[in-house]
Amino acid sequence: MRVLIVSPYPPDRCGIASYTVQVAATLRKQGHQVDVVSPQPSAARYSADYARTTRGVLQVLSLSRRADRTLVEFFPDLLFQMIQRKDQFIRQWLAVALWFRLGRRVELVVHEAPYRDLVGRTDPRGRIARAMWRTLLSLPRTTYVHTDWERRQLVAATGMRPDDITLLEHGESFLVRAGGDRERARRELGLSPTGYHFLSIGFLQPHKGFDRAIRALARLETDGGDVHLHVVGSIRVHSPDVLSHVELLRNLAGATPGAALHEGYVSDELFDRWIVACDALVLPYRDIWSSGVLERAKLYGRPAIVSDVGGLGDQADASTRVIHDDDELSAAMAELAGVPLAAGALGHPAAAAEVLSYEDAMGVVTRRAAALRQRYEPGTAAPERRRSDGTRTLPPPVVLSAPDGRGLRGQVKRAIDKLTRWELMPLVRQVNEIREYLARQEPGREQEHR
Amino acid sequence: MTNEHRADRRVALVCNRFGPDVAGGAELVMAELGQGLHGQGWEVDVITSAARDLYTWKNELPEGTSVERGLRVLRFRTVLGADQKARNRIGGLIGAGADVPLADQYRWMNAGVRVPGMHEYLVDHASEYRALLFAPYLFWTTFACAEIAPERTILHPCLHDEPEARLEIFRPMFEGSRGILFQTGPEQDLGRSLFTLPARTALVGSGIHPPAGYDAEGFRRRHGIEGEFILYAGRREWGKGWPELLRHLEFANGHLPRPLPLVTCGVGDVGAVPRNVRVTDLGYLSDEERSNAMAAATVYVQPSAMESFSRTVMEAWLAGTVVVANAASAVVAWHCERSGAGLFYRDRYEFAEALRLLADRRETRTAMACRGREYVLQNYRWPDVLGRVERAIEEWT
């Protein structure tokens with residue numbers, strides 16, 4: 001069977017690209033001919049600008065017509081990136097709908113959807129938006145999500161019938177990337193062979209909640225024993241909130257016995273080697289749809305502690321402990337490591353080491369407010385601060401206009417302008433090119449899956 | 001991927017171009033490594049593109065599998081990005097040292113030449129090799145494919161001190177590979193200063209085959225070249241310091257008692273030549289004829305500031321010819337200082353004076369050249385280099 005996959009693809013380093021490589025390899029192993037079409041040039045055989053242009057969407061339709069099956073690894077930016085004008089959106093929507101309708105056996109794997117923007121919208125614009133998304137997501141032959149939580153969200157947000165949404169095992173296509181046993185993995189990573197090792201791994205971002213894991217470790221009564229927490233990952237986006245969060249992690253790890261922050265690039269193989277080396281994963285996320293890390297933990301038979309956010313509760317298996325607050329997190333870690341909780345542990349040096357910067361303080365306020373909002377208005381989000389497209393903060397383009405003025409004075413000015421313009425024009429062009437370049441810088445896209 | 005299909009002595013060399021008439025230092029190293037490892041009993045696959053020319057990237061060589069001098073060669077089709085304007089614009093900013101956002105770094109890399117079939121092959125077959133050797137670092141073939149199986153990826157980066165080396169997109173490749181082979185100490189130092197390198201790195205050098213003999217007179221006769229001349233062999237392009245060499249020589253020839261003609265071989269446009277500089281372009285020469293040219297030259301010049309090893313400098317020394325090199329290349333300056341066989345310059349004035357000294361003092365020139373030959377024979381013979389590479393593969397994978 002000839003399968004077309006529509007998705008970001010390496011060397012793009014997003015989680016969905018990494019996921020697609022594994023899906024494509026699995027399908028090829030099953031004997032299918034697999035082609036990938038990515039939104040930008042990549043290691044995929046095809047690329048088409050379907051994220052921004054109807055022409056790109058129609059190119060994908062043409063490829064889809066030549067395939068037997070079309071898999072779309074969907075998140076909103078995949079097909080509606082940087083589209084802000086209403087007429088643009090409608091054109092793009094129509095093209096996508098045409099593709100979903102006429103493409104060969106189109107199957108949609110929904111990784112993210114605009115749940116929060118749609119839930120509870122009863123105003124006319126909201127109703128139209130819900131109807132448009134419902135129609136679009138119902139057009140493919142099958143629409144998949146990874147967890148039941150996501151299915152419920154999608155139903156609430158769009159009004160789709162639950163029966164029209166199929167659950168797809170998240171780790172179905174995941175491949176084992178690290179060989180060897182725990183002992184060897186620990187030796188290679190320089191970890192003590194006998195201790196109990198917790199692991200929090202992934203890009204270092206505030207919503208991952210790895211700081212919660214360190215604080216929870218500080219509450220364990222280890223008596224200087226052999227219980228460790230390794231926070232492993234790198235910075236994906238160098239934004240102020242992420243940088244201050246990483247600084248916080250450094251401070252916490254430095255002040256908490258047994259905690260270590262391993263900053264740096266983590267290859268896929270190294271990622272899995274850490275999982276093999278650990279005894280349990282700690283994933284106290286504050287916000288997430290679903291977790292590829294949890295799937296990889298299951299792949300290697302490692303238990304995990306996860307917070308009850310997004311679809312994690314649905315992803316959990318018998319070996320997964322789902323926690324609802326920091327007390328449960330500490331208790332779960334203590335139970336797994338076989339140590340008691342320390343009395344009065346909140347006064348531990350780890351907490352004292354934390355000096356919040358302004359950004360940290362704002363981050364805490366934002367995160368706590370988000371948690372509170374979820375409790376009282378589930379599925380809603382704070383009004384989004386509109387992202388600048390760059391042009392708003394930049395001065396207007398330089399335009400050379402003819403000097404005004406009447407009489408001899410004006411004539412002299414215009415004559416000088418004519419004589420010198422050829423010298424100025426290259427400079428003006430360069431300034432405008434730099435301005436255009438800055439305006440086109442795109443905000444980095446973040447994906448949670450790995 | 002699992003290790004169960006891994007063949008104990010099967011390696012893949014992954015490079016952007018490969019073939020008997022493909023020019024380029026890193027490409028030559030890969031060809032030599034392939035032959036050498038094959039000679040040591042390794043099963044070697046070369047995974048490369050169907051392109052021959054670095055500038056056009058046209059698919060001139062047949063796609064598919066062939067056997068060339070005992071090596072199984074798999075060639076895949078190149079695809080050139082459509083948006084060259086954007087690539088050039090971003091490339092200009094990178095070259096100027098601008099802080100280019102990550103998304104644009106990716107766009108710049110992906111807008112160049114890509115080899116999707118190679119990526120797909122490696123995704124499906126990487127586990128069948130004990131090790132995958134990639135070179136050089138700057139090309140898409142290394143950038144995109146080295147991440148597929150980092151646990152068996154050995155990088156032979158040929159790293160230069162250039163703005164591109166500071167791009168964030170290269171960090172995963174340098175920091176996540178199983179091991180890295182460096183050719184020189186300064187290259188290794190540069191790698192350490194830019195990245196958090198993996199624990200497994202080795203200084204393996206690069207190898208040179210001493211020719212059976214040199215025919216300097218025959219070379220002069222065949223090409224109608226008389227008297228003293230300076231030689232440059234390599235790509236004639238901005239990145240290799242060619243325009244600066246012409247400018248420096250224009251200046252030097254205005255000050256030397258006798259203007260020195262410049263003989264050059266390799267690829268790339270000669271471009272505009274100053275009036276007092278005589279340039280003889282011999283085009284692409286065979287290895288043997290290039291060696292003869294080296295032996296016939298009075299001085300070999302290395303104007304490039306971005307060298308990771310500089311094979312041509314080794315070839316010149318081996319041929320008994322002294323070297324004048326751009327001090328901006330830490331690697332070549334390191335070779336010159338260690339060997340005592342080359343003068344380096346920081347500007348046109350030092351360039352002119354280096355030429356003057358070597359032109360005037362034949363004995364000095366000869367003594368330096370002898371030291372150069374000794375230096376190469378002691379440090380960079382292929383059997384020694386191969387031994388170090390083999391040890392690295394065996395210990396690391």
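This is a predicted model: local features need pLDDT of at least 70, side-chain atom pairs count only at pLDDT 80 or more; totals for chains, interfaces and linings use all residues.
Local features need pLDDT of at least 70 and side-chain atom pairs count only at pLDDT 80 or more, while totals for chains, interfaces and linings use all residues. Residues are numbered from 1 along each chain as its sequence is written, chains are lettered from A in the order in which they are written, and side-chain values use heavy atoms, with hydrogens and water left out.

**View 1. The two chains in outline.** Chain A holds 17 helices and 13 strands, whereas chain B holds 15 helices and 16 strands; here helices (H or I, at least four residues) and strands (E, at least two) are DSSP runs, numbered from the N terminus. Of the 450 residues in chain A, 50% are buried, and of the 397 residues in chain B, 58% are buried, where buried means under 20% relative accessible area, exposed means over 50%, and partly exposed lies in between (1.4 Å probe, protein chains only). In chain A, 71% of the contacts with a separation of 6 or more join residues 24 or more positions apart, and the corresponding value for chain B is 68%, a contact meaning heavy atoms within 4.5 Å.

View 2. Arg250(A) forms a salt bridge with Glu247(A), and their closest N and O atoms are 2.8 Å apart; a salt bridge is a side-chain nitrogen of Lys or Arg within 4 Å of a carboxyl oxygen of Asp or Glu. Both residues belong to helix α10 (residues 240–255) of chain A, where they stand three residues apart, about one turn of the helix. An α-helix has 3.6 residues a turn, so residues three or four places apart point the same way. Arg250(A) counts as partly exposed because its relative accessibility is 35%, and Glu247(A), with a relative accessible area of 38%, is partly exposed as well.

**View 3. Two further salt bridges, one in each chain.** In chain A, Asp49(A) pairs with Arg52(A) in a salt bridge whose closest N and O atoms are 3.8 Å apart. Asp49(A) is partly exposed at 32% relative accessibility, and Arg52(A) is partly exposed with a relative accessible area of 30%. In chain B, Glu151(B) forms a salt bridge with Arg152(B), with 3.5 Å between the closest N and O atoms. Glu151(B) counts as buried because its relative accessibility is 15%, and Arg152(B) counts as buried at 2%.

**View 4. A network of salt bridges with residues from chains A and B.** Arg2(A), Arg28(A), Asp35(A), Arg45(A), Glu120(B) and Asp124(B) are linked in this network. A search of the whole structure, over all chains, finds 53 salt bridges.

**View 5. The covered helix α11 of chain B.** Helix α11 (residues 311–318) of chain B is mostly covered, since eight of its eight residues are buried. Among these buried residues are Arg311(B) and Glu315(B), together with Val313(B), Met314(B), Trp317(B) and Leu318(B). The helix α11(B) is followed by Gly320(B), whose phi is positive, near 80°.
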